[in-house]
Amino acid sequence: MAETKTRNEIRFILNGADVALTDIAPDATLLDWLRLDRSLRGTKEGCAEGDCGACTVLVGKLSAEGLVYESVNACIRFMGSLDGTHVVTVEHLRGDGEKLHPVQQAVVDFHGSQCGFCTPGFVMSLYALWMKTPNPSDAAIEKALQGNLCRCTGYEAIMRAARAISSYGKAAKDPLAVERNDIAARLEALRDGARVEVGSAKQRLIVPADVDDFAAALEKEPGATIVAGSTDVGLWVTKHMRDISPAIFIGGLDGLRTMSEADGVITIGAGVTYSEAFETLSKRIPALGPLVDRIGGEQVRNMGTIGGNVANGSPIGDTPPPLIALGAQLTLRKGKARRTIPLETFFIAYGKQDRQPGEFVEAVHVPVPAKGTSFAVYKVTKRRDEDITATLGAFHLTLAKDGTVADIRIAYGGMAPTPKRATAVEKALIGKTWSEATVEAAMAEYASDFTPLTDMRATAEYRAMAARNLLLRFYVETTGTKAPFQVSRNEAA
Ligand SMILES: Cc1cc2nc3c(=O)[nH]c(=O)nc-3n(C[C@H](O)[C@H](O)[C@H](O)COP(=O)(O)OP(=O)(O)OC[C@H]3O[C@@H](n4cnc5c(N)ncnc54)[C@H](O)[C@@H]3O)c2cc1C
Ligand code: FES
Ligand code: FES
């Protein structure tokens with residue numbers, strides 16, 4: 001086998017300029033680098049945790065669909081993840097011209113900027129939306145702006161601006177349209193198939209050449225921090241000052257960013273982001289679409305991966321409970337060896353997963369619910385969008401012809417130290433007629449399955465009551481006139 005080449009610099013394009021960095025720390029964020037090293041201060045720091053969107057920039061990358069730009073949070077995006085990409089900041093929007101870009105002009109004309117601090121972030125999110133959807137619906141605008149907060153309550157003015165952008169005419173000087181072919185060619189030229197290694201001793205980062213190279217690098221350095229979308233790891237650095245060196249950046253590995261379906265099972269590579277998974281999941285397992293839409297804001301969904309959500313083992317991660325209820329399996333890989341396990345056995349205890357040193361999550365395999373079964377997932381949060389789960393319940397029901405429960409799998413987040421099945425509740429339902437009386441009797445079993453905690457998101461009593469009521473709700477939705485496969489959009493506490 002040919003030896004993998006190694007390069008000691010990160011290469012990418014910033015606005016129009018080629019950048020090569022040989023001296024960059026594994027925990028250096030794009031936001032700090034833009035503002036402090038490049039004096040590009042249009043990109044703001046608000047929360048430094050991916051919540052407010054003041055730091056929104058675009059990152060363009062070559063994919064199967066060509067050159068694609070996505071909004072991301074520069075505050076939790078590490079420099080090591082940018083190799084081979086095009087970073088676009090708000091300063092680039094005017095190109096060389098005197099005139100504002102239509103997105104900026106619309107925000108000015110419709111008074112979408114009050115204090116102005118959040119404005120560059122809003123402009124970049126709207127720019128990303130306008131590039132993909134020049135005439136978006138209000139729902140699409142709201143979705144694109146879920147991750148942008150304006151504390152001056154300027155939302156209505158911002159919405160008016162967003163609706164008007166396309167009436168300014170397709171900007172002849174839209175920089176990313178003008179440069180598209182040139183940038184694509186330059187990004188293609190950056191793909192040299194090399195592994196990137198920058199730094200030495202305690203300050204090291206690695207960008208593997210491909211998945212095999214990642215497997216080899218991790219086997220050699222089992223203590224390294226794997227960084228996929230960095231929507232969790234970013235906060236370890238900005239909020240907890242944790243040392244993540246040596247860090248291995250896997251977000252750009254095409255081999256982990258594949259999705260396929262065979263024999264009714266969808267295989268999702270560990271590097272697939274929420275945004276990339278959305279279309280397939282919402283078509284094949286409709287209840288998952290609205291759930292994905294409620295994970296973070298658009299920028300977080302453009303970066304964060306389902307693999308990372310599973311791997312971090314958080315008790316309040318949103319995807320493990322529905323995946324467990326669907327009977328998903330997980331493939332783990334160490335070097336060349338792979339093993340596939342039921343996802344639910346991966347979560348051993350709080351902070352402890354069934355992952356050996358040097359092993360990584362390669363893919364998750366999700367069975368599409370069979371015809372005639374019912375599946376739903378309900379996320380309970382204090383506010384609907386961009387909020388962390390208080391409790392989340394997922395239900396997968398198979399009824400026998402005589403109306404009895406042939407099988408039911410129920411899994412919860414936020415109720416135990418790990419994502420967990422409600423096995424006592426399931427047992428109380430299986431074999432019984434699917435009726436309100438059965439459901440109400442089974443609700444008593446929640447006490448044997450879960451002892452929830454009180455924290456800032458909810459009290460133990462609230463969690464216990466909400467969890468029980470979600471089962472009742474699932475019963476009502478599967479038996480009433482309301483179609484199943486729905487995630488209600490009104491769960492706010
Ligand atoms: C503003 C904001 C809002 C959020 N909202 C939600 C929400 O509503 N619901 C929710 O569930 N989460 C939410 N999150 C958390 C986060 O987005 C998810 O957990 C996300 O899926 C993590 O994926 P990632 O690729 O960013 O992981 P990273 O941050 O890169 O990594 C997370 C962990 O997984 C490990 N890891 C990553 N990939 C692998 C792999 N292939 N093999 C082994 N280990 C791996 C990393 O080492 C790390 O321990 C939010 C985060 C932010 C910043
Ligand atoms: S500074 Fe708030 S999302 Fe980045
Ligand atoms: S204009 Fe957005 S916070 Fe003031």
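How far does a backbone N or O atom of Ser230 lie from an oxygen atom of ligand 1, and what surrounds that ligand? In this predicted model, the distance for Ser230 is 2.9 Å.

| Residue | Protein atom | Ligand 1 atom | Distance |
|---|---|---|---|
| Ile226 | backbone N or O | oxygen | 2.7 Å |
| Ser230 | backbone N or O | oxygen | 2.9 Å |
| Asn312 | polar side-chain atom | oxygen | 3.3 Å |

On its own, ligand 1 has 980 Å² of accessible area, and the protein covers 94% of it. Several elements each supply two or more residues to the shell: strand S9 (225-227), helix H8 (233-238), helix H12 (306-311) and strand S17 (359-367).

There are 37 residues around ligand 1, and those that come nearest are Ile226, Thr231, Asp232, Tyr274 and Thr305. Sorted by class, the shell holds 17 nonpolar, 11 polar and nine charged residues. Both domain 1 (6-91 + 178-249) and domain 3 (257-479) contribute residues to this shell, so ligand 1 lies between them.

Strand S11 (residues 259-262) and strand S12 (residues 265-269) run antiparallel and are joined by four bridges.

Note on methods: Residues are numbered from 1 along each chain as its sequence is written. Chains are lettered from A and ligands numbered from 1 in the order in which they are written. This is a predicted model: local features need pLDDT of at least 70, side-chain atom pairs count only at pLDDT 80 or more; totals for chains, interfaces and linings use all residues. Side-chain values use heavy atoms; hydrogens and water are left out. A residue is near a molecule or strand if one of its heavy atoms lies within 4 Å of it. A polar contact is a pair of N or O atoms within 3.5 Å; within protein, one must be able to donate a hydrogen and the other to accept it, and residues adjacent in sequence count only if both atoms are side-chain atoms. Accessible areas come from the Shrake-Rupley method with a 1.4 Å probe; for residues, only the protein chains shown count as cover. Ala, Val, Leu, Ile, Met, Phe, Trp, Tyr, Cys and Pro count as nonpolar, Asp, Glu, Lys and Arg as charged, and the others, Gly among them, as polar. Domain bounds come from an automatic or database domain assignment. Two strands pair if DSSP finds at least two bridges between them.
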